[in-house]
Amino acid sequence: MDSFISISLLLVFLQCLHPTLSTNSEGTALHALRSRLSNPTYMLQSWDPTMVDPCTWFHVTCDSNNHVIRLDLGNANISGTLGPELGQLQHLQHLELYKNDIKGKIPEELGNLKKLVSVDLYENKFEGEIPKSFSKLKSLRFLRLNNNKLTGSIPRELTALSNLKIFDVSNNDLCGTIPVDGPFGSFPMESFENNGLSGPELQGLVPYDFGC
């Protein structure tokens, strides 16, 4: 009986400890992100790595289990790049980094964040291709990448995102054709304007990356 009680107490202790371990991992990821960003207006001043709980940091929202679910840094006058550490925020639902001066590629690791509902990276200076890994984000409803410097074609894998309601890649340097399958059949043409796209895909007639 004593051993049973001891094991039960150990299990309770481990259950209590788990959120803290998760929070530590998320705090480490956010601090790594901060190290990549320049913040002249001190928007990230509260992101103190000596504070274990990132849920106390400004612009970070957590759920009742102290998991980071929202990152709000839109129009924050920050610059720099994003890194693979963002892929550690496994509970993240909203990534808001719009209207900044962030450069470089969009990390493939964002595709690991299965709970993402909205990704707003518009009006930055992102380069490179749209990650095909975004096709793993089955809960994604809003993907706004407009007004960047993205190149390449629109990944056809994204047509499998049945919950996607808004998709905007206007004002980039994309090429190829516009998908017509899945949710893409309902997106307005304004979502694709001011690119090098050659119009809606003519399936079976020309390859989707025609003109790239």
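Q: Why is cysteine 55 called partly exposed?
A: Cysteine 55 has a relative accessible area of 21%. Buried means under 20% relative accessible area and exposed over 50%, with partly exposed in between (1.4 Å probe, protein chains only). The value of 21% therefore makes cysteine 55 partly exposed.

Q: On what kind of model do these values rest?
A: This is a predicted model, in which local features need pLDDT of at least 70 and side-chain atom pairs count only at pLDDT 80 or more, while totals for chains, interfaces and linings use all residues. Residues are numbered from 1 along each chain as its sequence is written, and side-chain values use heavy atoms, with hydrogens and water left out.

Q: What makes the link of cysteine 55 and cysteine 62 a disulfide?
A: The S to S distance is 2.1 Å, and a disulfide is a pair of cysteine sulfur atoms within 2.5 Å. The pair therefore meets the definition. With -95° about the S-S bond, this link of cysteine 55 and cysteine 62 is left-handed.

Q: What makes the contact between the side chains of arginine 156 and glutamate 201 a polar contact?
A: The two side chains are joined at 3.0 Å. A polar contact is a pair of N or O atoms within 3.5 Å; within protein, one must be able to donate a hydrogen and the other to accept it, and residues adjacent in sequence count only if both atoms are side-chain atoms. The distance of 3.0 Å therefore lies within the cut-off. Arginine 156 itself is buried, with a relative accessible area of 14%, and lies in the loop between strand 10 (149–152) and strand 11 (166–168).

Q: How do you know that strand 1 and strand 4 pair?
A: Two strands pair if DSSP finds at least two bridges between them. Strand 1 and strand 4 (residues 79–81) have two bridges, in the antiparallel sense, so they meet the definition.

Conventions
Helix = DSSP H or I, 4+ residues; strand = E, 2+ residues; numbered from the N terminus.
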